[in-house]
Amino acid sequence: GAEMQADPAFSDLIIAPLDVWGVDGFMESGMNVKAALKTKPLQQWGVAREFNRRLKHRFDAAGLRPPMPRRELFGQAVSPEVAVAAN
């Protein structure tokens, strides 16, 4: 947030510093952290995209990868003859 406020391309669009509210919840594939960055009217989408891009680069540089959901399927092995007879 502070870097974006110092960036001439975004400094005029951001009207308040980044306010991190904290962890909002945990899920199977990660957690939600809530924060706000106040912008001028109708500028929130461009600022949010740039913030997310910078955050992703920081995560990549730190070696942090988002967890990938995983599913395991269990079944019973059958012989090819049984599989053909079932069709």
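This is a predicted model: local features need pLDDT of at least 70, side-chain atom pairs count only at pLDDT 80 or more; totals for chains, interfaces and linings use all residues.
Residues are numbered from 1 along each chain as its sequence is written. Local features need pLDDT of at least 70, side-chain atom pairs count only at pLDDT 80 or more, and totals for linings use all residues, while side-chain values use heavy atoms, without hydrogens and water.

**View 1. Glutamate 50 sits in helix 2 (residues 44–61).** Helices here are DSSP runs of H or I with at least four residues, and strands are runs of E with at least two, numbered from the N terminus. Glutamate 50 is buried, at 13% relative accessible area; buried means under 20%, exposed over 50% and partly exposed in between, for a 1.4 Å probe and protein chains only. Its side chain makes a polar contact with the side chain of arginine 54, at 2.7 Å. Such a contact is a pair of N or O atoms within 3.5 Å; within protein, one must be able to donate a hydrogen and the other to accept it, and residues adjacent in sequence count only if both atoms are side-chain atoms. Beyond neighbours within four places in sequence, glutamate 50 is in contact (heavy atoms within 4.5 Å) with Met4 and Phe10.

**View 2. Leucine 42 lies in the loop between strand 2 and helix 2.** Leucine 42 is exposed, with 65% relative accessibility. Its phi is positive, near 65 degrees, and the residue is not glycine. Most residues other than glycine have a negative phi.
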